[in-house]
Structures are given as structure tokens and as C-alpha cells.
Amino acid sequence: MRGKILHAIGLAAIVVFTLFPFVWMVMASFKTQSDILASPPVWLFTPTLQNYVDIFADTKVSGAIVNSLIVATLSTLLSVILGTPAAFALARYDFRGKSDLWFWFISNRMTSPIVLALPVYLLAMYANLLDTHIVLILIYLTFNIPIVVWIVTDQFKSIPPDLEQAARLDGADQFTIFRKIYLPLGAPGIAVSAIFSFIFSWNELLYALVLTRRNVQTAPVVATSFMSGYELPWGKIMATGTVIVLPVTIFALIVSRHMVRGLTMGATK
Amino acid sequence: MTFLRLDNIKKNYGDASVIKGVSFAAAKGEFVVFVGPSGCGKSTLLRMIAGLEDVSEGQLYIDGKDVTYEEPAKREVSMVFQSYALYPHMNVFENMAFGLRMAKRPEAEIKAQVAEAARILQLEHLLDRKPRALSGGQRQRVAIGRSIVRHPKLFLFDEPLSNLDAELRSQMRVEIAKLHRSLGATMVYVTHDQVEAMTLADRIVVLRAGLVEQIGSPTELYDKPANTFVAGFIGSPKMNFINAKVSSASGTGLRLDHPAFAGGTLGVDTPAAARAKVGDTVTVGMRPEHLTVGAANPVLSLTLDFAESLGGSTQLYARSEGEPVIALTAGRPELKPGDTLNLGIDPRHIYLFNAAGLAL
């Protein structure tokens with residue numbers, strides 16, 4: 001009993017700790033600049049929608065959100081489409097250079113993004129891709145495919161090989177086995193990797209800042225663009241932040257349904 | 001008529017040779033059991049018949065056709081896995097229908113076939129359930145159902161009962177035997193359990209370390225084991241072995257010396273005995289169930305270690321000069337540890353093996 005109470009207190013502390021910045025951001029987005037800067041902080045205040053009116057009056061923000069949606073959705077979709085067959089091969093087949101390939105996937109994620117910022121910028125410039133959706137989608141693929149391959153390979157490995165062999169005896173070809181056995185049973189891992197990919201693409205700032213100009217600025221770029229040398233319009237920044245966080249939260253809630261563990265339970269024994 | 005034929009089948013993993021040349025033929029409708037200790041290669045052999053493992057050397061024929069390099073699906077075999085390997089995301093109906101769907105059969109036929117299999121296996125009320133909502137025995141039935149809907153040429157079973165508890169196991173054993181009788185299909189069954197082998201098989205293939213030790217009907221293997229391995233593997237409790245020296249031989253009569261024998265010596269007078277010479281070491285085999293307690297002219301005179309009552313029968317553990325001997329006797333004899341145990345046996349039930357372990 002005492003253990004349970006301590007457990008609950010611990011959990012509550014973690015929840016408060018992780019949610020506080022989020023709550024602070026949402027609250028600030030409904031405050032006036034003077035309420036935001038008040039010290040001690042004001043907990044009871046008259047909410048105002050002025051910040052939201054301001055940011056949506058400026059088409060920059062809504063346009064940026066559309067850009068972010070296009071880039072994040074497409075790069076997530078592509079990394080799942082390209083990453084899951086790769087994961088299937090890595091999980092179930094032995095071939096020459098398999099471990100090297102595996103390391104290559106992982107090492108892609110080890111490089112600090114800023115190291116490659118300049119070469120990528122130059123490449124994009126020569127390819128005439130600066131300030132396009134495509135360049136961001138391509139760059140995010142290099143980050144997202146490893147995530148998908150990583151997580152999904154592990155998930156696929158946990159599927160009993162007997163299932164695949166049973167399907168082979170039932171007359172299924174490789175592609176059918178992948179589609180009818182591995183994809184449905186790997187759904188939890190695929191969903192998790194899709195969430196990670198989406199969140200990464202949605203939040204990414206460095207490359208978005210470097211590779212875009214006016215046309216395809218993404219939401220994080222626009223949020224930071226409010227910071228000028230003379231003023232910090234916290235209300236607008238926080239309102240933009242809230243608007244940025246919203247789609248990711250909704251997306252995660254939708255996909256989390258598929259993250260139920262134990263889907264492979266009952267297959268064997 | 002030969003339906004399944006293995007012609008000097010070999011399997012190597014790199015330098016390691018797992019199956020070292022197995023030849024064997026089964027008739028249509030026969031129930032064949034591969035039996036042997038773990039690691040003997042019986043499952044590998046079965047998987048080669050299924051096509052899930054490549055054959056390194058040799059030829060494999062099913063229904064007169066060379067299928068050595070044929071795709072698993074084209075061999076028209078079905079397999080029940082030890083783990084059942086049910087598709088966890090599909091319900092019972094879809095699990096059984098999967099193979100038919102792959103073969104692109106019309107929906108009406110799929111429904112009829114699955115319904116028929118469900119009827120035979122009493123699964124009708126479970127068709128909507130997912131495998132995780134089934135008990136072990138029910139999953140086993142679904143796995144069998146999945147294999148019968150396609151009417152394969154050959155049924156393969158890979159230790160299908162090893163995950164079930166003892167009671168369910170004997171129940172399923174009877175059901176598999178019934179299924180074999182009603183379908184009249186050729187079945188190959190792998191097990192390490194000699195009771196399953198004895199009760200189910202028309203013919204048993206005893207394997208050890210990738211080689212066939214003996215092929216024969218259950219009673220043949222029991223009555224005429226080819227060597228000490230088969231003699232020890234078939235029958236429970238296992239056969240007692242006593243290594244004795246031949247002290248004299250005349251015609252078919254043989255005199256064997258060992259301290260365990262009553263009076264230190266045992267006379268055997270059978271055609272087999274004629275094949276031993278004076279000075280040879282001969283392994284004498286006696287099955288526990290053939291030994292009788294308190295016989296008029298005992299062959300073994302031993303000291304009782306302890307007795308286990310099984311209710312209707314008693315298992316006696318005795319020893320003499322380091323050779324433990326087990327005897328199985330009906331009822332509950334009044335004996336206590338340390339008592340002298342005089343055991344008799346019908347001379348026809350004495351098995352003789354030479355020094356290499358081969359039957360004389």
C-alpha cells in the first residue's frame with residue numbers, strides 16, 4: 001500500500017515536471033505581454049485571443065504550418081514505405097555485407113546535423129533545390145529511414161519465423177508474407193517509428209532554417225522569426241508554439257492505438 | 001506403392017553434417033514416425049521434406065515426382081508446427097482459410113472447406129476467435145485444421161503435442177490417430193516421445209546423430225531391436241543391460257558370467273546365442289516388464305535399492321556390482337530396501353547384443 005502511494009507520488013511528480021513547460025506555453029499564449037512578464041507570475045488573468053488573431057492575421061504562420069504538414073507527412077510516409085522492406089530484409093535474410101549495411105544505417109544517425117549543413121546547402125544550391133519542399137523531404141529521409149529501419153527491424157525479428165514458414169507452406173510468396181504477416185504484426189513498431197519520424201520532421205529547425213528562404217519556411221522557422229533585435233513578442237511566439245504542438249499531439253494520439261503491445265501473443269505455444 | 005521416398009538424403013551446415021544419408025520409403029496412407037533423442041536430425045529431416053530446408057545431397061520424391069528442389073507450396077504438403085504458428089492477427093476462420101485464399105479458390109469453396117474442417121475438429125463455435133483467446137488444445141486443433149483444409153498429399157507433424165499437458169496430450173494423440181484413419185492420408189510425424197511413436201505409427205524410423213538406426217513397425221522394434229540404442233529407446237522404463245563374459249559355448253548353448261546372475265552365471269540357448277564365442281563380451285538385455293519377482297528359477301539375484309509404487313504396479317530399483325536394474329511388477333510386493341531380489345524371465349525375452357551393440 002505504501003509502495004503504491006509512493007509510486008503515485010513519483011508518477012505525479014514526473015507528470016508535473018514534463019507537462020509544466022507545455023502548460024506554461026499554452027497559458028502564455030492567452031496572456032497579454034504585460035501579464036507574461038509580470039513578476040511574480042500571474043496565475044489568474046483575463047484570457048485574450050489577441051495573440052492568435054495576430055499570428056493568423058499574418059499568412060506567414062498558416063502558410064508555414066501547411067509547409068510543415070507537407071514536408072513532415074511526405075517524409076514520414078516515404079520513410080515507412082522505403083524503410084519497412086529494408087527492415088524485413090535485415091530481420092529475416094542473411095546476405096553479404098548485412099552487418100555493414102546495418103552499421104551504415106545506424107551511423108547516419110550518429111553524425112551531428114550541423115556538420116553536414118554546409119555541404120548539404122551547397123549540394124542543394126547546385127541542384128537548384130533551395131527553398132523547395134523536396135529538399136527538406138529528402139534531407140529528412142536521411143534521418144527518418146534509419147529510425148524506421150532500426151525500430152521495425154527489431155519488431156520484425158520478434159515475429160516467430162515459424163509464422164513465415166507456415167505461410168510459405170500455405171503458398172504465400174515473399175511479398176505476400178511481408179504484406180499479410182509482417183506488416184500487420186509489425187504495426188506497433190511501424191507506428192512508433194512513424195511518430196518519431198513525424199515529430200522529427202515537424203520540429204526540425206536547423207536544416208529548415210538553412211535550406212529555405214521565403215516560399216517553404218516551416219513552422220519552427222517562422223516561430224523563431226518573431227524574435228527580432230528590438231522586441232520579444234512572447235505571446236505570439238507561445239501562440240505559434242501551441243499551434244505547432246497541436247498536430248503532433250493529435251497525430252500521436254491517433255497512432256498510439258496501434259502501439260498496443262502483445263499483438264504477437266497467441267501465435268505460438 | 002511408394003508414395004514418399006527419401007534417397008540418400010544429406011544435410012550439411014557448413015562443415016557440420018547433420019543428416020548423414022537417410023534412405024527410406026513410405027506407402028500411401030502410411031503413418032510414419034521419426035523418433036530419436038533431441039539433436040538427432042529428425043526435425044531437420046521433416047523440414048527438408050516440407051521444403052523449408054534445402055537438401056544438401058540426395059533425392060526426394062513425393063507421389064512419384066522428384067521434388068528435391070521444388071518450392072514448399074508446390075509440394076502440396078502441410079505441416080503442423082511445434083509452436084502451432086497460427087497467424088495471431090487473424091481469427092480461426094481466416095487462419096484456416098489462408099492457404100485456400102493463397103490458392104485463389106472461390107469464396108464458396110473456402111467457406112465449405114473451412115466449415116468441414118471445423119466440424120471434424122469441433123471448432124465451429126470458435127471460428128471468430130483470435131488465437132490468443134484459445135486454449136492450448138484448441139490452438140492445436142486450429143493448426144491441424146489449417147493443414148487439412150487444403151487436402152495436401154502429405155501431412156507433416158513436428159512434435160505437435162510437446163507443448164500440451166499430459167492429459168491433453170494423450171487425448172490429442174487419440175484424435176490424431178482417428179484423423180489419420182478417417183482421412184486415410186500419408187502422415188509423417190516427428191517426436192522424441194517413444195510412447196507417441198509406439199501408439200501412432202504404422203512404421204517407426206529411429207534416428208540417431210543423423211543416421212537411421214532402425215526402421216520397422218512398433219512391435220518389430222520392440223521385439224527385435226537391431227541394436228542397444230533402439231532397444232534402450234523403445235520401451236519404458238528402458239531396457240536393462242548387463243555386460244557379461246562368455247565362459248563357454250556349445251552349439252546354440254551359451255554360458256554367460258556376471259555377478260548379477262543368480263549363481264554368477266546365466267545359460268542362454270537360442271539361435272542368436274550361437275553367434276557368440278568364448279571370451280566375447282555380450283550385452284544381455286532384459287525389459288523391466290518381462291522380469292518376474294519371486295520366480296522359481298531366478299536368473300538375476302540382486303539387492304533391492306528402493307521401490308516405487310505406481311498404484312497398480314510397482315517399479316523396483318535393484319543393483320549388483322554397479323549395474324542398476326529396474327523391474328516392473330504388478331501389485332505391491334512386500335519388499336524393503338536391502339532385501340534380496342530374485343528375478344526370473346522367460347528365456348524368449350532375453351536379448352543379446354555383441355560388443356559393438358548390434359543384436360546377435
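Student: Where is the place of Pro237(B)?

Tutor: In this predicted model, Pro237(B) sits in the loop of chain B between helix H8 (228-233) and strand E11 (240-250). The peptide bond that joins Ser236(B) and Pro237(B) is cis, with omega at about -5°.

Student: Which residues of chain A does a cis peptide bond join?

Tutor: The general idea comes first: most peptide bonds are trans, and most residues other than glycine have a negative phi. In chain A, the bond between Ser39(A) and Pro40(A) is cis, and its omega is about 0°. Pro40(A) lies in the loop between helix H2 (33-37) and helix H3 (50-57) of chain A.

Student: What is the phi of Asp63(B), and what is the phi of Glu76(B)?

Tutor: Asp63(B) is not a glycine, yet its phi is positive, about 55°. Glu76(B), also not a glycine, has a positive phi of about 55°. Asp63(B) belongs to the loop between strand E4 (57-62) and strand E5 (65-66) of chain B, while Glu76(B) belongs to the loop between E5 and E6 of chain B.

Student: How many other C-beta atoms lie within 10 Å of each?

Tutor: A residue needs 20 or more such neighbours to count as buried. Asp63(B) has 16 other C-beta atoms within 10 Å, so it is partly exposed. Glu76(B) has 18 within 10 Å and is therefore partly exposed.

Student: How many helices and strands does chain A have?

Tutor: Chain A has 12 helices and 0 strands. Its C-alpha trace spans about 70 × 65 × 30 Å along the principal axes, and 37% of its 269 residues count as buried. Of the contacts in chain A between residues at least 6 apart in sequence, 82% join residues at least 24 apart.

Student: What are the corresponding values for chain B?

Tutor: Chain B has 8 helices and 20 strands. The C-alpha trace of chain B spans about 75 × 45 × 35 Å along its principal axes. Buried residues are 39% of its 360 residues. For contacts between residues at least 6 apart in sequence, the share in chain B that joins residues at least 24 apart is 64%.

Student: At what angle do H4 and H9 of chain A pack?

Tutor: Two packed helices are described by the angle between their axes and by the distance between those axes. Helix H4 (residues 59-92) and helix H9 (residues 174-203) of chain A pack at about 145°, with axes 9 Å apart. The crossing of H4(A) past H9(A) is right-handed. Residues that meet there include Val71(A), Ser75(A) and Phe88(A) from H4(A), and Phe178(A), Ile190(A) and Trp202(A) from H9(A). By class, this contact has 12 nonpolar, 7 polar and no charged residues.

Student: Where does H7(A) bend?

Tutor: H7(A) bends by about 35° at Thr142(A), and a proline, Pro146(A), follows within four residues. The end C-alpha atoms of helix H7 (residues 133-157) are 35 Å apart, which agrees with the 36 Å that its 25 residues should span at 1.5 Å a residue.

Student: Why is H7(A) described as largely enclosed?

Tutor: H7(A) is largely enclosed by the rest of the structure because 19 of its 25 residues are buried.

Notes: Residues are numbered from 1 along each chain as its sequence is written. Chains are lettered from A and ligands numbered from 1 in the order in which they are written. This is a predicted model: local features need pLDDT of at least 70, side-chain atom pairs count only at pLDDT 80 or more; totals for chains, interfaces and linings use all residues. Helices (H or I, at least four residues) and strands (E, at least two) are DSSP runs, numbered from the N terminus. A residue is buried if 20 or more other C-beta atoms lie within 10 Å of its own, exposed if 12 or fewer, and partly exposed in between; C-beta atoms are placed from the backbone. Two residues are in contact if their C-beta atoms, placed from the backbone, lie within 7 Å. Axes are lines fitted to C-alpha atoms, for helices over the stretch in contact, and angles run from 0 to 180 degrees between N-to-C directions. A crossing is left-handed if the near helix is turned anticlockwise from the far one by less than a right angle, and right-handed if clockwise. Ala, Val, Leu, Ile, Met, Phe, Trp, Tyr, Cys and Pro count as nonpolar, Asp, Glu, Lys and Arg as charged, and the others, Gly among them, as polar. The expected span of a helix is 1.5 Å times one less than its number of residues. The bend at a residue is the angle between axes fitted to the seven residues ending there and the seven starting there.
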